[in-house]
Amino acid sequence: MSESKPPTPTPGDTYKGWLFKWTNYIKGYQRRWFVLSNGLLSYYRTQAEMGHTCRGTINLATANIAVEDSCNFVISNGGAQTYHLKANSEVERQRWITALELAKAKAVDMQANSDDSGDECPAVPPTSGQGGGCRNSEVQSTLRTLNSKVEDLTTCNDLIVKHGSALQRSLSELEAIRVGGDMGEKIRQVTERATLFRITSNAMINACRDFLSLAQTHSKRWQKALQVERDQRIRLEETLEQLAKQHNHLERAFRGATVLPSSFSNPALGSKGGASGKGDASDEDDDNEFFDAMEDPAEFITVPADPKYHKRSGSNVSGLSSEIGMDDQSVNFDELSLASNPESPQPLELEPVRQRRTRIPDKPNYYLNLWSIMKNCIGKELSKIPMPVNFNEPLSMLQRLSEDLEYYELLDKAAKCQSSLEQMCYVAAFTVSSYSTTVHRTGKPFNPLLGETFELDRLRECGYRSLCEQVSHHPPAAAHHAFSEKGWSLRQEITLASKFRGKYLSIMPLGSIQCLFDKSNNHYSWKKVTTTVHNIIVGKLWIDQSGEIDVVNHRTGDRCHLKFAPYSYFSRDVPRKVTGVVTDKEGKAHYVLSGTWDEKMEFSRVMQSSKGENGTEGKQRTVYQTLKAKEIWTKNPLPEGADNMYFFSSLALTLNEPEDGVAPTDSRRRPDQRLMEDGRWDEANAEKQRLEEKQRTTRREREREAVKAASSPEEAEAGETGTEASEVSDETSHGPSHPHYLMEGKEGSNGAQIKSAHQDNYQALWFEKLDDPVSGEVLHVYKGGYWEAKDQGSWDICPDIF
């Protein structure tokens, strides 16, 4: 049996190869795969077993190595374990013997160093700080590695001396003997010892090369670390200088009667304010708890307002507009009771409501080779990539849109507000709350089929009804409409653009969300921020939200600018931080919001503002005097066992619960999604492929009908060609696509313009396209009829999409 020549063993490296191991008298020697690493010799039946099944391991530190004949040798640790091994040739046996001797010497040395490590610890000088301890540990580990390499060199040197002496004796004996029968045996001994000397010399050369490479590598690292420490010291000195300047500025600001009230003297600097946040990463002091600075670059800071603002009327002192509607009894907004609104609806007689489920089947632990699927996806649009359900969660994108209503109470409270500025705070908090369910949700929702719907009827429990419909397939777009008995309605049309960049996936929602209040006729609109999924290939998946949102009241001109700070490893601020300022149409600030998008939000009223000194990037900061912060939104805790249920919230657990009376196109009736929820993933994958092919067939028929309506046979022929070309990328359960992938208009043979390769005459069932006069956008707006059809149980117009 011919074997490939193994590499020369190198001290400290892993040595692998095939050997024959004695098993019993019936089977004799059996071929096994042996691995020598870190002083341990392990064997497996095949190389494929290395990842999961080890057949045996022996520690060389306590083992004896004996040579029996030209190909056989024995390894024993004193009787408990004994391996009788045989190599294919004498040279291969000697390679293993050399590697085993080197590994044994290294293992004995490491064991001795480990026994003496307790005595060496006190000699290490103490280092302040956790980071210093980590660096000290790294240096000690590197020194131990270098010392181990030196020991390898010493062992190799001893072996070279040993085998060199033996070779010299053999050469002397060879010169002394006469030509005869002993000549062949002596020549064989000289050849064997010369081979041993060559193998040991090569090992010595490799060990020297490793030691030199390791020393050079760590030398560069230590030089770089030293430079980093020097740069950090310079930055700290600059930061201290900036802190001193900022401290002096704050003292002058508190003392100066022209900028801030004179009542703020030095003792006030030590008092704690309502917004006790951490400083920013540039030039704010972490120890001063009376302000809350925004993340890089900080645009404003807040300080607690003078107590007189809590006692006096807000007519002239605070400069608030008369729209706030405050009197002497209600100056402090913390004491406003929304429930005391005389126009709020009186409680109705309670009726028994349906008990919703609180659990779904646990997520099965199926292994999936992510890299084998993702390595061909880099730079491609997700709509062009076939994805198994292993990456999904058992909810559709329509159901995920409906999850935005989990904190509908914020809109209920906003509908009761007398002030449009305070109403803006609740609407802004509602926009932030929609991201709280995404913090652990790394699964991808199912992309809806064209014409798929989802209703969320919570009229009896919560006073609202919601309807979503997939209104377009190229690009995928979903329309959502919700209305409440409390006097508000919400509508949105979202198209998601997504790009896979190797290490992370960026999801950019396109489209706006609008909220209307019946009583005040206030019309709000905003857009969503970018969602980023990190560690797609290696590591644990985690999600971040970043960007800016402008919530605009189109009736009054009020605006709330929210900033979602991206996660930064070097930031000293809280992760997932959100800050915002509510201003009127004149640009005057009235409220400041702060918090995190995965936990809670607070808002505080601005009593006075002033311009401070320039920040690190030359921008002038604004100092806001605010009243005590009030909590406006807090995230609901996840249900018990959520980590085994895709980290679904209590609302998400009920979204796919089967219900009677829903439309035939409802997401609850989607079979592949139901199979996945039940844990039958293989069947779900097969069913998903069937649904995709069915949608392709339906779309081809629809496009052919559109082509037949063309004005000439030439256009019809050209349109059919475009239809066939467009079928390649028609996947349904993949990620959302980007509008620019739509093909541009083509020209037919007679010069007629064909508008698109996707000639689709599909019309949404429950929504229609309208020009929104307020926002100036073209939106799919609910046209009515769904809830009436549900009451009558008439779903004749619904297509068979499942």
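Predicted model: local features only at pLDDT ≥ 70, side-chain atom pairs only at ≥ 80, totals over all residues.
I'll start with strand β4, residues 56–59, where the side chains alternate between two faces. Gly 56 and Ile 58 point to one face and are buried.

What does β4 pair with? Its partner here is strand β3, residues 40–44; the two run antiparallel and are joined by 4 bridges.

Next, a helix pair. Two packed helices are described by the angle between their axes and the distance between the axes. For α8, residues 409–416, and α9, residues 420–433, the axes come within 8 Å and cross at roughly 170°. An angle over 145 degrees counts as roughly antiparallel, so α8 and α9 are roughly antiparallel to each other. On the α8 side, the contact involves Leu 410, Leu 411, Lys 413, Ala 414 and Ala 415. On the α9 side, they meet Gln 423, Tyr 426, Val 427, Ala 429, Phe 430 and Ser 433. By class, that contact has 8 nonpolar, 2 polar and 1 charged residues.

Last, Ala 479, which lies in strand β13, residues 476–484. Is Ala 479 buried or exposed? Its relative accessible area is 0%, so Ala 479 is buried. Leaving out residues up to four places away in sequence, Ala 479 touches Leu 467, Cys 468, Glu 469, Val 471, Gln 492, Glu 493, Phe 767 and His 780. Ala 764 is 285 residues from Ala 479 in sequence, yet their C-alpha atoms are 9.6 Å apart in space.

Conventions. Residues numbered from 1 in each chain as written. Heavy atoms only, no water. Buried < 20%, exposed > 50% of the residue type's maximum accessible area, 1.4 Å probe, protein only. Pairing = 2+ DSSP bridges. Axes fitted to C-alpha atoms, helices over the stretch in contact; angles between N-to-C directions. Parallel < 35°, antiparallel > 145°, perpendicular 65-115°, else oblique. Contact = heavy atoms within 4.5 Å. Nonpolar A, V, L, I, M, F, W, Y, C, P; charged D, E, K, R; others polar.
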